[in-house]
Structures are given as C-alpha cells and as structure tokens.
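Please keep the sequence and the model open while reading.

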Amino acid sequence: MQFRKAFAEPGRRSVFNAPVNHGIEGGPHPADQYVGRQIAAVRVQSDVSQAQLARSIGISFQQLQKYENARNRVSASMLYEIASSLGVPVGRFFEGLPGQAPTNSPREF
C-alpha cells in the first residue's frame with residue numbers, strides 16, 4: 001500500500017504520470033528556427049549543396065534538412081562542425097537574432 005501512496009503524492013514523478021508541459025507550446029523554439037535558417041542561408045551563399053555539406057560533416061542530407069527546418073535541434077558540437085565546414089565563425093548563425101546585443105558593443109558581466 002505504501003508503494004501506491006508514494007506515487008499518488010503530488011509532484012512525484014513516475015513512469016505512470018509523465019511530467020506536465022508547463023506552458024511550452026509544441027513546435028520548435030524561435031531561436032532554433034532562426035539558427036536553422038541561418039545555416040541554410042550561409043550554405044546557399046557559399047554555393048554548397050545540402051548533400052555536400054552533410055557529407056563534409058558526416059551526417060545525412062536528411063539530417064541537415066531537419067537542422068535547417070528546425071525539426072531537430074543542432075548541438076553545439078554540430079554547429080561548430082557546420083561553421084568550420086562553411087568557413088564562418090559559429091557566431092555567424094546567431095547574428096541578427098532578436099534580443100541579442102550588437103556584437104561590437106562591450107559586454108557587462
């Protein structure tokens with residue numbers, strides 16, 4: 001009986017009651033969408049196909065499509081590989097992201 005009681009307590013997690021989605025809408029985060037669009041833009045400006053870029057970083061072109069369309073999030077290490085392959089700094093994918101401070105202004109900590 002104690003076992004069932006422990007799972008019935010509010011705030012307790014179990015395999016029987018998944019955590020509630022607290023106000024987070026379904027779908028990709030706007031920052032993930034922005035970064036994906038920037039990857040695509042830099043790739044096109046560099047005249048590199050999805051297949052070429054994907055091959056150079058060791059993933060399928062379908063996975064690259066998912067990154068560019070924000071269906072999958074890009075990890076920091078993969079973003080680094082993409083930036084290196086395209087010859088741009090990683091920060092290039094965040095330039096112009098709404099809410100970011102201009103890159104030429106000093107940062108306060």
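## Basis

This is a predicted model, in which local features need pLDDT of at least 70, side-chain atom pairs count only at pLDDT 80 or more, and totals for chains, interfaces and linings use all residues. Residues are numbered from 1 along each chain as its sequence is written, and side-chain values use heavy atoms, with hydrogens and water left out.

## Fold and surface

The protein has 5 helices and 0 strands. Helices (H or I, at least four residues) and strands (E, at least two) are DSSP runs, numbered from the N terminus. Along the sequence the pattern reads α-α-α-α-α.

Of the 109 residues in the protein, 24% are buried. Buried means under 20% relative accessible area, exposed means over 50%, and partly exposed lies in between (1.4 Å probe, protein chains only). The accessible surface comes to about 8,400 Å². Carbon and sulfur atoms hold 53% of that surface. Areas come from the Shrake-Rupley method with a 1.4 Å probe; for residues, only the protein chains shown count as cover.

Contact means heavy atoms within 4.5 Å. Among contacts between residues at least 6 apart in sequence, 52% join residues at least 24 apart.

## The nonpolar core

In soluble globular proteins, nonpolar side chains tend to be buried together. A nonpolar core here is a set of buried Ala, Val, Leu, Ile, Met, Phe, Trp, Tyr and Cys residues joined through side-chain atoms within 4.5 Å. The largest such core has 15 residues. Ile 39, Ile 59, Leu 64, Ile 82 and Phe 93 touch the most other members. Helices α2, α3 (50-57), α4 and α5 each give two or more residues to this core. The largest share, 5 residues, comes from α5.

Which residues does Leu 64 touch, not counting those up to four places away in sequence? They are Ile 39, Arg 43, Gln 50, Leu 53, Ala 54, Ile 59 and Ile 82.

## Helices α3 and α4

The axes of α3 and α4 come within 8 Å and cross at roughly 105°. Axes are lines fitted to C-alpha atoms, for helices over the stretch in contact, and angles run from 0 to 180 degrees between N-to-C directions. The two helices, α3 and α4, are therefore roughly perpendicular to each other; that class spans 65 to 115 degrees, with under 35 roughly parallel, over 145 roughly antiparallel and the rest oblique. On the α3 side, Gln 50, Ala 51, Leu 53 and Ala 54 take part in the meeting. Their partners in α4 are Phe 61, Leu 64, Gln 65 and Glu 68.

## Salt bridges

Side chains of opposite charge can pair when their charged atoms come close. A salt bridge is a side-chain nitrogen of Lys or Arg within 4 Å of a carboxyl oxygen of Asp or Glu. By this rule there are 2 salt bridges.

Asp 32 and Arg 73 form a salt bridge at 2.8 Å, N to O. Asp 32 lies in helix α2 (residues 30-45) and Arg 73 in the loop between α4 (61-68) and α5 (76-86), so the pair ties together parts that are 41 residues apart in sequence. Asp 32 is partly exposed, at 21% relative accessibility. Arg 73 is exposed, at 63%.

Arg 43 and Glu 68 form a salt bridge at 2.7 Å, N to O. Arg 43 sits in α2 and Glu 68 in α4, so this pair ties together parts 25 residues apart in sequence. Are these two residues, Arg 43 and Glu 68, buried or exposed? Both Arg 43 and Glu 68 are buried.

Most residues other than glycine have a negative phi. Asp 47, not a glycine, has a positive phi of about 55°. Ala 70 also has a positive phi, near 60°. Asp 47 is in the loop between α2 and α3, and Ala 70 is in the loop between α4 and α5.

His 29 is in the loop between α1 (2-8) and α2. Its C-alpha is 9.1 Å from that of Arg 73, 44 residues away in sequence. Pro 30 lies in α2. The C-alpha atoms of Pro 30 and Leu 97 are separated by 9.4 Å, at 67 residues apart along the chain.

The table gives relative accessible areas.

| Residue | Relative accessible area | Class |
|---|---|---|
| His 29 | 46% | partly exposed |
| Pro 30 | 52% | exposed |
| Asp 47 | 69% | exposed |
| Ala 70 | 7% | buried |
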